[in-house]
Amino acid sequence: MKMDYAVVIVTYNRELLLRECVQQVEKQTVSASKVIIVNNASTDGTQKYLEELSQKNSVYQIIECNKNLGGAGGFARGIACAINCDIDCVLLIDDDAMLCADYMALLLEQRDRNPQYGAFAGCVLVNGKIDTHHRKNFSKIGMLFKNCEEALYEGGCFACDTASFCGMLVDKIIINHSYFAY
């Protein structure tokens with residue numbers, strides 16, 4: 001089944017990392033229908049790069065913020081834009097996330113196999129090792145979290161309660177059913 005997805009990238013003053021991140025998005029074996037980049041008022045060369053990028057290819061949509069809204073504010077702006085696109089889901093990534101070429105193919109395959117879930121996230125590697133800080137489970141009632149142990153990753157897919165903006169895929173239906181106004 002073909003899935004159309006948008007990518008939302010939030011950036012602030014990390015032009016070189018953003019360039020590499022965009023290259024990794026472009027190398028996906030399943031291409032994005034839309035790539036929305038939220039520039040959180042960068043003062044380096046990011047704005048010029050984004051202007052060139054959007055002129056090169058209409059898949060890119062750039063949101064320029066007049067002040068730094070932080071990661072959460074940037075993702076809120078990007079998601080608000082993405083839900084108006086003809087897509088099934090949204091991939092959320094920071095500007096320093098470097099995706100392997102089959103990242104989206106693998107996530108979309110798991111999404112197809114597991115329709116009972118509305119969000120998916122892959123493994124985050126730092127220097128070739130799993131960084132367990134990006135996937136967490138509640139450890140007690142309330143907001144206490146515990147990192148997902150590395151052993152969970154060895155079994156393939158597993159459920160977790162939270163995931164970072166390092167490659168989290170969220171179904172559009174989940175976003176539409178959430179209170180979302182920005």
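**A colleague's note on the predicted model**

1. Asn40 sits in the loop between strand 2 and helix 2. Its relative accessible area is 2%, so Asn40 is buried (buried means under 20% relative accessible area, exposed over 50%, and partly exposed in between, with a 1.4 Å probe and protein chains only). Leaving aside residues up to four places away in sequence, Asn40 touches several others, including Val10, Thr11, Tyr12, Cys65 and Gly74; contact here means heavy atoms within 4.5 Å.

2. A word on the basis of all this. The model is predicted, with local features needing pLDDT of at least 70 and side-chain atom pairs counting only at pLDDT 80 or more, while totals for chains, interfaces and linings use all residues. Residues are numbered from 1 along each chain as its sequence is written, and side-chain values use heavy atoms, with hydrogens and water left out.

3. Now the overall picture. The protein has six helices and 11 strands; these are DSSP runs numbered from the N terminus, helices being H or I with at least four residues and strands E with at least two. Of the 182 residues, 41% are buried. Taking contacts between residues at least 6 apart in sequence, 73% join residues at least 24 apart.

4. Please look at strands 2 and 3 together. Strand 2 (residues 34-39) runs parallel to strand 3 (residues 60-64), and five bridges join them; strands pair if DSSP finds at least two bridges between them. Ile37 stands opposite Ile62 in strand 3. From strand 2 the chain passes through helix 2 (residues 46-56) to strand 3, a β-α-β crossover that is right-handed, meaning that with the strands pointing away from the viewer, the path from the first strand over the helix to the second runs clockwise.

5. On to charges: the structure holds seven salt bridges, each a side-chain nitrogen of Lys or Arg within 4 Å of a carboxyl oxygen of Asp or Glu. In one of them, Arg14 pairs with Asp95, and their closest N and O atoms are 2.5 Å apart. Arg14 belongs to the loop between strand 1 (5-11) and helix 1 (15-26) and Asp95 to the loop between strand 4 (89-94) and helix 4 (103-113), so the pair ties together parts 81 residues apart in sequence. Arg14 is partly exposed at 33%, whereas Asp95 is buried at 2%. A network of salt bridges links Arg14, Asp95 and Asp96.

6. Two salt bridges within helices are also worth a look. Glu15 and Arg19 meet at 2.9 Å, N to O, and both lie in helix 1, four residues apart, about one turn of the helix. Glu15 is buried at 18% and Arg19 partly exposed at 30%. In helix 2, Glu52 and Lys48 are likewise four residues apart, about one helical turn, and their salt bridge spans 3.8 Å, N to O. Here Glu52 is partly exposed at 40%, while Lys48 is exposed at 57%.
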